[in-house]
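Here is a short report on strand pairing, helix packing and a chain contact. Look at the model first.

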Amino acid sequence: MIIDAHCHLGVSPQFFLPDASVGTMLRVMDRLGIERAIAAPMASLSGQAEWGWREGLQAYGESGGRILLYAVFDPLAPASLDFVRRSLGEPAAVGIKIHPSLAQCPADDDRWRPVWELAADRRVPILSHSWSISDYNPVQKYSQPALFARYVREFPKVSLILGHSGGRYEGHVAAAALARQHANVFLDLAGDCYSLGLVEYLVAQAGADRILFGSDLTWIDPRTQLGMVLDAELSDFDKVCILRENALRLFCLR
Amino acid sequence: MWVQEQIESYRRRKTATEWFDAHCWIGVGPRSSLRPVTTWEQTVQQLARYGIRRAVVAHALARDYDPTTGNRLLLAAIADRESLWGAAVLTPDDEDQVSLGKRLKSLIAGKVRMVRIFPRSHNWSLSDWGFGPWLDALEELQLPLAVWHTETTWADVAAVCQSHPRLPVIVEGPNRKLLYHNRTYYQLFERFPNFHLEIHNLVGYLGLDDLVRRFGSNRLIFGTYFPHQDPNVPMMLVTHGELSVADQANIAGGNMLRLMTEVIQSDQRSDATDH
């Protein structure tokens, strides 16, 4: 039923994770009615591209195809583009993940161009981390929604998902504005982004057909965002779009 | 439609649960809010819309402007509202031990059942030399002490838990990921029976269930951080976890009610001693 379009696989050194196994992930997904999860391996985001991809393919196999993958692009790693290009040849791969804050490379930097060209060529969406300027995490400035405008304009056929919809209030406003201006911009609900009225606000600004359900699992528990959507002051039709239909369409899933 | 079944199932479970929200605010300005909630009437109505009938409320003026003014407004507003109790904001401004006790008892008489402190924002030290007499007085009355993880250090939290073992200490985690500190608060749960965690930002994957599995459910306090955050965030953690009915009831409201009962009993014992 539900498609979680923003997940991770594996652990992070930054906190204790009680259970990172695929088996438990599938059990949690079953309990919540999540049919499929699209995940970027944490190891890939931590600079260990081959290890991460291997873990990802294992998860795809172990899950019977319920866990699909984002190939992670690192603009500062010379071999990354080729690796992503090869990875996209796997049936598990349905999109590309980028993270300007982790890469410490602004989203409008020239070094991102090759991955946008690749996404256009392969007709896959790009999911990117997006956030507001933060007074305690300075690298978030590289992922401000407005910085994505350059490539969004230049590659109108590439769908960009702004992960976390800008993260905090200022970012939500900017992300929503970008989505209003560009039909190829989508917004997801992943992460600890829980402002009262957020779901209704994003739908009012961008339309229910541009919002994707995402959780940031295995960092964040999907119950937190799922409750917000199920109880939102929206039509059932809009909720179905957010929870499933938009992802089916965007990722060409059946 | 499959989604209708999911919606109804979730709402049924919410309705079947007795929620007591230990972390609400009133008087929050509309700035940086996607859905401002500014009046008492709106607060009560909105909480009811989510199925929350009882709450402990703090006044934003007490944090953002002047604790005395904010607390006074809070007490005036909750006096006639049966379903609301108060969290007073405190600063360690000069007060002798006798006055401290009287002041806290006066707050309790005004329906305050928790105090909340902001050492970092209000520029003071949560240490024995800075706040000791206050901690003694709070412990005497078992009036829970709530503090945000961003307003102090974990070392200070541990020190307070150790030096005042009968004082319920509740750490709340707004705005920044509490998740990054779970290695620390797991240890605090292990070592200090009076350490509690309010759950509105306890959003790490499997986090709530793992804490209950390891430490039981008695020290997890339901709070929403309303109106800043959507109450559904912690609610679905409770309704759709691997928790027993008893654990759900404890977390959803039983634990906070128990702490409030202990405040009243301590207050009555203290009255008896005075006489």
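What unit do β1(A), helix α1 of chain A and β2(A) make? They make a right-handed β-α-β unit. Right-handed means that, with the strands pointing away from the viewer, the path from the first strand over the helix to the second runs clockwise. Helices (H or I, at least four residues) and strands (E, at least two) are DSSP runs, numbered from the N terminus.

This is a predicted model: local features need pLDDT of at least 70, side-chain atom pairs count only at pLDDT 80 or more, and totals for chains, interfaces and linings use all residues. Residues are numbered from 1 along each chain as its sequence is written, and chains are lettered from A in the order in which they are written.

Strand β2(A) spans residues 34–41, and seven of its eight residues are buried (20 or more other C-beta atoms within 10 Å of the residue's own, placed from the backbone). The table lists its pairings; strands pair if DSSP finds at least two bridges between them.

| Partner of β2(A) | Sense | Bridges |
|---|---|---|
| β1(A), residues 2–9 | parallel | six |
| β3(A), residues 67–72 | parallel | three |

Cys7(A) has Ala39(A) as its bridge partner in β2(A). Ile38(A) stands opposite Leu68(A) in β3(A).

Now chain B. The axes of α1(B) (residues 2–15) and α10(B) (residues 232–239) come within 10 Å and cross at roughly 90°. The two helices are therefore roughly perpendicular (65 to 115 degrees).

The chain contact takes 34 residues from chain B and 36 from chain A (C-beta atoms, placed from the backbone, within 7 Å). On the chain B side, α1(B) gives the most, with six residues.

How values were computed: Axes are lines fitted to C-alpha atoms, for helices over the stretch in contact, and angles run from 0 to 180 degrees between N-to-C directions. Angles under 35 degrees count as roughly parallel, over 145 as roughly antiparallel, 65 to 115 as roughly perpendicular and the rest as oblique. Two residues are in contact if their C-beta atoms, placed from the backbone, lie within 7 Å. A residue is buried if 20 or more other C-beta atoms lie within 10 Å of its own, exposed if 12 or fewer, and partly exposed in between; C-beta atoms are placed from the backbone.
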